[in-house]
Structure formats: structure tokens, C-alpha cells
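Here is a friendly walk through one protein chain, from its overall make-up to a few residues worth a second look. Keep the viewer open as you read.

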Amino acid sequence: MWLNRSFRLLGLVPGPLRAAGRRMVRGSGSKGPDTSLFVPLSPRVRPGPEGNVGAELSRDLDKGETLKVLNKFYKRKEMQRLSSENGLDARLFHQAFISFRKYVMEAESLNVDLHIILNDICCGAGHVDDLFPYFLRHAKQVFPMLDCMEDLRKISDLRLPANWYPEARAIQRKIIFHAGPTNSGKTHHAIQRFLAANSGVYCGPLKLLAHEIYQKSNDAGVPCDLVTGEERSFVDPDGRQSTHVACTIEMCSVTTPYEIAVIDEIQMIKDPSRGWAWTRALLGLCAEEIHICGEAAAINLVMELMFDTGEEVEVENYERLTPMTVLDTALESLDNLRPGDCIVCFGKSDIYSLSRQIEARGLECAVIYGSLPPGTKLAQAKKFNDPDDPCKIMVATDAIGMGLNLSIKRIIFNSLVKPSINEKGEKEMDRITTSQALQIAGRAGRFRSAFKEGEVTTMNQDDLPVLQEILSRTVEPIEAAGLHPTADQIEMFAYQLPDATLSNLIDIFVSLSQVDGLYFVCNIDDFKFLADMIQHIPLNLRVRYVFCTAPINRKHPFVCTSFLKFARQFSRNEPLTFEWLCRHINWPLIPPKNIKDLVHLEAVHDVLDLYLWLSYRFMDMFPDVSLVREIQIELDSIIQIGVKNITRLIRASDSISTTTAAGAEDASAHGGTWTNERINMEEVNSKDQVYIGSRRIRGSKTLGYRTEACKAEIPGKAGDSLSARLVQQGHLTAELLQQLQEEWAASHGLQTPRSAMTQEPSKITSKGLRKKKK
């Protein structure tokens, strides 16, 4: 039905919208900027005529008297008030004064006027307040933003983002909101309209979703191109653009006219990091009809945003196509698993642990988590969905919530606590929200899958009432949409502050930015992290900005190192060739032997993604796109082999001999592998799990695998003693640790750990040591 704006004029505004209307402007001009972000600069002292002209016209300054005058100036309340009126709060006033005092006391020759004024004040012929104009001039050299604060405020004014898109404002768009839960057919109806149009654009949150629409469109006989950050696929062999395009939402064009546009998963407009992309698409797409798909929680916000553009919103509501039941009992034991089950975890370590336990029961399982390449995810999904494949159990993270069509009968939540990043960039551990729970649970019993009904439960009985309560709640309305400063805005900022770093420019921009209650500024920590990383590399501002918007996983050192090398090579104006890249990643690569190898291969895949992403922004400097894409496809296949092998390797082995097991357990306790009775620290794996030969011991349990020799340590709490940490960190070998223990025991008149191991248990103390008999 059509929802008209007239009810707002009568005051009949829904509650959430009334609240939105009452919200004050965030970051309004009445609030001063965060001056802790203002980095003081060294003032540029203009060289004057040779010699001290001021001294020649008056006399040399008495440094002691001059210092007294400056300190008196600093303490004057009137000077502090005048400084505040000119933008210098207490912090800036103090820093500017320190710089001014240093300049006056250390300069070989001062400005003539300043020298004479200081001399007059010292002689009693002038007043200390006469210094203020000179101090203020110096302060503006130290903090140049003081001279252009109003200009900076205007540049960072984000209160009317709809005006950033004049092409969209020049047409009257029709907005249709397809609202409904997962598996309700809302996106299907929007896509049907997309396929029937003369031209269209699909905007999705994931490469997998964009690729699915790309394939579906071309299979239906509608030529459609694919555009993601790392890939461009054109149907036309000559590279001419098709009338339809499927893209990730960050890549959509806001200047190309379309008949139909589809914006999928609109609820992500509230995402702390990526929400700006949905705001940009919603306000900026030049389409006659815009079909929005997502949760009903976003309806009020979309209507309010469209009110500012003068566009009406038609809402079409959908119900779930298949029933979904929250069970009354939890799984409790992996022995109760059945075909079509999917256990959802929120950490890779849990995935590895559960996979091992499931396969120990003789069951095959598929594994999907976020950092796997798209091809590997699709391969695992295909294996799970194949009715002829024995793999009928899946262990996955919430990555299955979008982009994959899975034949799941029952969703089992292993935990209800998930790490998240808030708007300030801080990591938090919270219970999953109703929206997240519904998105994941909705994967069970999907329409046209092998299961016509879906079931949802938890691993532990204690979590089940909590899950039932979460799912019973109404999803909270979305109240604000994300924004992000553009490259043009940052360039204008940099023109005003040419000496500021990019990271500092962004900080000041956000500090001064003004947004109304319908918007928020997205988290920029990743951007700043990359900006700080390459600050020392000589790049122009526009290039620096583009590099810093690259989507990389900053948690992986190899990816960050590669990013830094890319930027350095670029700054030298040296193209990043295929041969250079192969040397950097040590191509060719082999299938992984353990989890550490697999994680590294995933990082290499991310590096290749980064190369491809940059290649579409700087084609001349990243020239070998086709060759890089070929090895990326090959790497994807290697990772698929690795995932398959890893799920086999983590199966518990009963064939290891007692001697080997004891050595392996001792090695795993120290984070290494046992080789010729010593610990090889070069083979230390990630904290997720440790491999010894063909046996795997999970990192979370390695502290339990300790031999008596390891327990007989220098007195201290076993497991977190200094000696254990030194061995774990690779500073000591097992032999050296044994020698130190023996020397320590001998110096304290105690029996050595080695001989203690030969004694009867009843004669050994609780620490495995006993005093020598006299």
C-alpha cells in the first residue's frame, strides 16, 4: 500500500519517527571541537635582515626579565579569556604559550616589533597585555586550523547528505520497500522486477550474492555484468557495459541512470563500519524505481530519509514461506546429531573442536567460516547440499546468514555470545541480537530446499530459554543511517590544513562534523590504521585516501605487510608486476599441512584480493590482473583441498603409541612438535590447534597435556610459570630448561627433577621435588 506524507502534517507520526524528529543535531556548532586532536606544528620563522635589528633600535633583552614577563602574561585571566574567544581553549592556550615562550627565549633574533614591545614591558613603558597580538599570531602558526575553523565546519557539515546527489534529486523516484523475514520471498519479487526491466542494478552486501544474481540473470537470458571491488565481468566480449549489472553495494554507480534498482539487506544501513554504503545507494541511485529488501525494522527510517528527498515509500510485507519451530529441548550431545543439522559457532576454534568431535563419531561435516574464499564456501555448501554426498552435518559461523543457499533442517546455536565492534571501534562480547538470531535461524527449512520445515535449538539446555526469549522479541527499529567522509571533503580539509596527516585530518573532520538525528558517522578505525601505517610513504592525498579505503583484514600481519609493500612500491612509481607479486607470496604454494598453513593461505588469498582491488583503481601500476586472477582461482582450489584435509586431520587418532603420545603431549604443552626428544619451536602452530605428526591437540586444551618432567618445574604455578612461558616463547629449549632446573635444585639442596621422577610416588613432594637426605 502507498504510505502518504499527509499524516505527518496532522501530527500522526509513528512513535519512532517522533523520537527521530525530536533528536537534536549531533556535533552541533554550539559544541567545541575536540582540541586534543589538534597537533601543534613548529612555527615557520621568516628570516629577517642580518643582525638583531630590534636590539640595535632598543637594547638586548634581559632573558630573566623577559621570562618573568611571559609567565605573567600566561597567568593573566584576561589573556586566557581573549584566547578562548579566538578558539584557544585551556589546552591549546597552554601548548601555544609553551611554543611562544620557547621561540622568544631561544631565537637568535626576534621580530623587530616583538623585540621592542618586550623591551618596553621590561622597562615599565608597556603593559604585558600588549603581547597578545604577537602571541595570537604565533598560536595560529602552531595551530593553523584556528584561522579556518569556520571553513572546516562548513566542509564537515553532514546534515544534508541528500544534496550530495544532484542527479538523483533531479528525478522523481518511486521507492518500494519489500519487508519480511528471511525466507519470505521478498528479494525474489524484487529480482523478478529487475529481470523484467529494460535496465537495472542489483546492490548486495556480499560478492556471493552479487555473483548469484549475475548468474541468475544471464541464465534467464538477461545480459548482466558483475562488478565487485576485486572483479569486473562483462558479458560483451568487447567490454561494452550491459543494461543490467549486479554489484556489491560499495561499487554501485550514483550517476548512471537505470529503470530499476534493487538494494538488498537494507537493515545493514545501521552497520557501524559499512552503513554508509547503504545510505549512499538509497539517497544517490538514479533509478525510476528503487526496490528495497530487508527487515521491517528499517521501514520508519527509510520513510523518514525519503521524506527529506520528497519521495514516497510503498511498503509490501511478506511472511515466511515455510514454518520454523523453536524446539523445547537442546541438542546437549553430539550423539544426537542428524542429517541436515548445522551447528553455528562464533569462533573458528569452536569450529575446529566440534569438527573433530563430530568426525570422531564417524560423521562427515562441512565447514564454513567468514575468512574462507568464496569458492571454498560454495564448494563446502555444494558438498553439504548434495543428496548423494555422505556429508550431512555442517559446522559454521554466522557467515551462513547471507549469500549461501543451504539445505538445513535444524540450526543449533553452540553459543549465544558473539564478539562485535561498536561505533567507537571497541570490541565487545554481547548476546546476539534478535535481528542476528532471526537471520541465522531463518536458514533452516528454506523454501524449495530438501526440508519443508525448519527447527532451531541450542547446544546447551541452559541457553534454550534465552534463545526462545531472544526470538520472541520484536526487532528494535533502526534509528540512524551511516555516513562517511568522501575523498572530496578530505581534500578540501587538507587544503586548509596542508601539514596535517591523513589520520589527523579524519579525526578533526569527525570531531567537527555535524549530523542530524537520522545519521551517524561510521567507524573509521580501519581507515586510520591504514593511514598511520603508510604515513611515512610519499603519496599524494588522493592516492593515500584510496589506499586507506582498501578492504583488508588488519588483524593478519602478512596482509598488513603486503599492504605496506604495495604502497611503497607504488610510491617509487614501479609497477607491481606478476613476477614481483609471486616473489612476495612465494608462489607456487602447496596444500596446507596444519591450521597455521591454512590461515596463511587465506591471508595470501586476501593479498591477491587487495591486488585486484587496487588494480581497478590504478590500472597502470597493477597491470597483471588476468594472471593474478588465474593464480587466485588455483589458490582457492588449494584451500579447498586444505579444508578437506584439515577436517580429516583433526579426527582423534587411537593408533599413536604411548611413547609418541607422551612426547607429543609434552610438546603440545609448549606449543611445538616433538622431534628427536626436543621441542621444535619453528613448527609452533596457531593458538587454535596444534598438530603433532598426524595427531591434533586443540590449543585450548594443550595445557592439560603435560608430562611429569614438565610438572617438576621451578616452584610456581604449573602452566603459567616463567619457565613454561620462556619455552613457549622459544627463548629456551627443553634441554636447557632441564639443565637450569637441575642447577637450581642443586643450589637449594634439593633433588633434581630428573632423579625425582625415579622415586616412588609416596616419597615425592607435591611439587615433584624432595630434599636430600643429610
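What follows covers the chain as a whole, then a central strand and its neighbours, a pocket, the charged side chains and some backbone details.

## The chain as a whole

Please keep in mind that this is a predicted model. The chain contains 31 helices and 23 strands. Of its 774 residues, 49% count as buried. Contacts between residues at least 6 apart in sequence join residues at least 24 apart in 73% of cases.

Which strands pair with strand 17? One is strand 10 (residues 324-326), which runs parallel to strand 17 and is joined to it over three bridges. Another is strand 14 (residues 410-413), also parallel, with four bridges to strand 17. Val-456 is a handy landmark in this region: Val-326 stands opposite Val-456, and Ile-411 stands opposite Val-456 as well.

Helix 17 is mostly covered, with six of its eight residues buried. Those buried residues are Thr-434, Ser-435, Ala-437, Gln-439, Ile-440 and Ala-441. What covers them includes strands 10, 14 and 17, along with strand 11 (341-344) and helix 18 (464-472).

## The second largest pocket

The second largest pocket has a volume of about 1,300 Å³. It is lined by 50 residues, and the closest to its centre are Thr-182, Asn-183, Ser-184, Gly-185 and Arg-446. Helix 11 (186-196), helix 12 (207-219) and helix 17 (434-441) are the elements that give two or more residues to this lining. Helix 11 gives the most, with six residues.

## Charged side chains

Side chains of opposite charge can pair when their charged atoms come close. The structure holds 28 salt bridges.

| Glu-65 | Lys-68 | 3.9 Å |

Glu-602 is buried, with a relative accessible area of 3%, whereas Lys-348 is partly exposed at 23%.

Arg-542 belongs to helix 22 and Glu-491 to helix 19 (residues 487-496), so their bridge ties together parts that are 51 residues apart in sequence. Arg-542 is partly exposed, with a relative accessible area of 34%, and Glu-491 is partly exposed at 32%. Elsewhere, salt bridges with shared partners join Glu-78, Arg-81 and Glu-85 into one network.

Glu-65 is partly exposed, with a relative accessible area of 33%, while Lys-68 counts as exposed at 56%.

Arg-544 makes an interesting contrast. Arg-544 lies in helix 22 (residues 541-548). Arg-544 is buried yet has no salt bridge, and the nearest side chain of opposite charge, Asp-532, is 8.9 Å away. Leaving aside residues up to four places away in sequence, Arg-544 touches Leu-502, Ile-534, Gln-535, Ile-537, Pro-538 and Leu-539.

## Backbone details in the loops

Trp-587 and Pro-588 are joined by a cis peptide bond, with omega about 5 degrees. Pro-588 is found in the loop between helix 24 (578-585) and helix 25 (595-615).

Where is Glu-265, and is this residue buried or exposed? Glu-265 is in the loop between strand 7 (257-263) and helix 13 (275-284), and Glu-265 is buried with a relative accessible area of 12%. Although not a glycine, Glu-265 has a positive phi of about 55 degrees.

Asn-573 is another residue other than glycine with a positive phi, near 60 degrees. Asn-573 lies in the loop between helix 23 (557-571) and helix 24, and Asn-573 is exposed, with a relative accessible area of 58%.

Key: Residues numbered from 1 in each chain as written. Predicted model: local features only at pLDDT ≥ 70, side-chain atom pairs only at ≥ 80, totals over all residues. Heavy atoms only, no water. Pairing = 2+ DSSP bridges. Buried < 20%, exposed > 50% of the residue type's maximum accessible area, 1.4 Å probe, protein only. Lys, Arg positive; Asp, Glu negative; His and termini not counted. Salt bridge = Lys/Arg side-chain N within 4 Å of Asp/Glu carboxyl O. Contact = heavy atoms within 4.5 Å. 1 Å grid on protein atoms, 1.4 Å probe; cavity = no way out; pocket = protein on both sides within 12 Å on 5 of 7 lines; lining within 4 Å. Points joined across faces, edges and corners; volume = space filled by probe spheres on them.
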